[in-house]
Amino acid sequence: MAETENTSSVLAAQSHQVAIEASRRNKIRNFRLLSMPALIVLTIGAAGPLLIMLVYSFLKAAPYGGVVWEPSIDGWFGVFLKKDIFDGTISIATAHLSILWRSVNLSIQSTLLALILGFPTAYFIATRSVQTRNLWLFLITIPFWTNLLIRTFAIMQVIRDQGIINNFLIGWGLIESPIEMLYTDFAIMLGMTYVYLPLMVLPLYASIEKLDFRLVEAAYDLYATRLRVLWRIIIPLVRPGIVAGSILVFVPSLGAYVTPRVLGGGKHLMLGNLIELQFGQGRNWPLGAALSIFLLCVVMGALLIYVRVAQRGTTEHV
Amino acid sequence: MRRVIKNLISALVALMFVNAAHAAGELHIFNWGDYTNPDLIAKFEQMYDVKVTITDYDSNETALSKVRPGGHGFDIAVPTSSHIPIWIEEGLLMQTNPNEMPNFVHVAEQWRNPDWEPGRNYSVPWTWGSTGISVNTAMYGGEINTSELFFSPPDELHGRINIVPEMNDVMNMAIMYEGGQPCTTDKEVLMRVRDTVMAAKENWKSIDYGTKEKLVSGDVAVSMNWNGYSKRAREENPDIAFGYPKQGYPLWMDNVAVLADAKNVENAKLFQNFLMDPENAAMISAFAQYANGIAGSEAYMPADLASAPEIAIPAELQSAGVFVPPCPPEAQQLYTAIWTEVQK
């Protein structure tokens, strides 16, 4: 009797287990089904074009743009190496390397400047009262209402030779001749920082908002200096926001096209412009495709290194 | 507010009826931006009861790569002379035989049998012009009919020069400056070209479009430019003059052609014939500020246009203008390599 009771309770427990398992499976299936639309969009929208690019980068260039369906590694050859057009010797493609270096360098500078400007802004917003915070956030997002191109032209108006800054400085007799800012690498860096600054502020704000200010108080109670509190308490705790913000600024900067075109004056290319040249007037689509994939790899590599370094920092502190 | 919405709705309904009543035919034109006189289109729409839509493009490469895969829905495109042979060779154009159309008699003798399209079996002239030098004469008083201003500028112009980012125009002008033929693959000439352009670039302020704004505002004193655009700049700043480099400069003509996969072929042909009427051709020029290829259109143009220094090339500089053919892929590769080197 007791035994049957036992078996039945085991059975009940088992069936309960089975029910849990089934509902868990159901849940998983539902999640899968629910995520399908997004996955399909991502596959078609992101992986599809990338695959086309990858295939194109291994084809031959057609004489007047487009590709011929014959396998070839000329595109990839052109990314790294160049055949001297005069004596035919093969060497490293220094032009491409220096363009890559300019892109990486300016993107890092923009990211740093955005961080320096964005951190105090985000901190300021996060320490306002809940009602006023929304207003400040709203102000930060206003530039997003305006087209990127228009914002870039606005910056151009500010820094050109006869622009607002120079006219002001000359008008006040502070300088004699205009400071040349437009059409320099500085202009590109400034433009990218301005354009992508909200992308730094928003994730930083999200992190700082969650910061437990009791920890800051505790640090002060233990006689930590302000700098020490910032360095040892605040920054480690908002690190995820710093990482997210930096990535959001760095990645689009690296592939920027409009800003270098308009503010850089076209004298110095960045990777985005080099790629456009190959698809447009250069009529070398495979090289353009290979450069695009190469840019993607650079971004991925940079992100991997960055995230790894950032993570190591976190574990040290915990 | 409610009245506004009501008015809006009735206006929309009215608009729908207008369209419905008007839609006897359609024509979809793919043309360069800011280039088509709206009055010209209105006239054509009224004359033939056709609804015309215009879509813009910004470069020959863009136009070519959008039309090539098909499914674009355009009936007409306006490729430049240097690209017409590519369009024909790739089978993108329909042979509409403009040379047999009634208005072909108005096409000026020199444009009836151009090198880029012998016999004109496909296209009719839109406008033609030159790529030369715009100079703000208040900022520079020297000789302006020379490409030295780009490639070996006097000290006073250093840092005050703009070049348009049209690789082929820049390269061909530099090649002619060094005494070569456009589209050359002669290594010796190209080596000199590379050295010249690399050195000259240090004196350039920018490589950018927007030539009119830069010249009018005085940001630059000299810019590579198109003649009609230079005339528009002169209207805003009378000091801006246009020079024709005596060492050689590119000429071009944009041509109206019907696409091979056009849906509204008859309307497109009507449009081609319509454009060769001198009165209509004059309307193209009046808007775009470039010369057209139709004899007798001068009579209908604004008074100053036909004789403007940007349109009427001085006799002694006429022979320096060259219609540049599409450069072969070998040349293109060399030019891209040099151009990348210059902008690295």
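Biologist: What is the area buried between chain A and chain B, and what share of it do carbon and sulfur atoms give?

Modeller: The area buried between chain A and chain B is about 3200 Å², and carbon and sulfur atoms give 52% of it; buried area here is the accessible area (1.4 Å probe) that two parts lose on being put together, summed over both. On the side of chain A, the residues that lose the most area to chain B are A:Tyr64, A:Phe86 and A:Gln281, together 26% of what that side buries. This is a predicted model, in which local features need pLDDT of at least 70 and side-chain atom pairs count only at pLDDT 80 or more, while totals for chains, interfaces and linings use all residues. Residues are numbered from 1 along each chain as its sequence is written, chains are lettered from A in the order in which they are written, and side-chain values use heavy atoms, with hydrogens and water left out.

Biologist: How many residues of each chain are in contact?

Modeller: With contact taken as heavy atoms within 4.5 Å, 33 residues of chain A touch 41 residues of chain B.

Biologist: Why is the meeting of A:Lys82 and B:Glu341 called a salt bridge?

Modeller: The term requires a side-chain nitrogen of Lys or Arg within 4 Å of a carboxyl oxygen of Asp or Glu; the side chains of A:Lys82 and B:Glu341 stand at 4.0 Å, N to O, and are therefore counted as a salt bridge. Between chain A and chain B the count is three salt bridges.

Biologist: Which elements of chain A give two or more residues to the side that touches chain B?

Modeller: They are helix 3 (94-126), helix 11 (258-263) and helix 12 (271-279) of chain A, where helices are DSSP runs (H or I, at least four residues) and strands likewise (E, at least two), numbered from the N terminus. Helix 3 of chain A gives the most, with six residues.

Biologist: What makes strand 4 of chain B largely enclosed by the rest of the structure?

Modeller: Buried means under 20% relative accessible area, exposed over 50%, and partly exposed in between (1.4 Å probe, protein chains only); 14 of the 14 residues of strand 4 (residues 123-136) of chain B are buried, so this strand is largely enclosed.

Biologist: Why is strand 4 of chain B said to pair with strand 9 of chain B?

Modeller: Two strands pair if DSSP finds at least two bridges between them, and strand 4 and strand 9 (residues 249-258) of chain B have seven, in the antiparallel sense, so they pair. Within strand 9 of chain B, B:Met253 is the bridge partner of B:Trp128. Strand 4 of chain B also pairs in the antiparallel sense with strand 7 (residues 222-226) of chain B, over five bridges.
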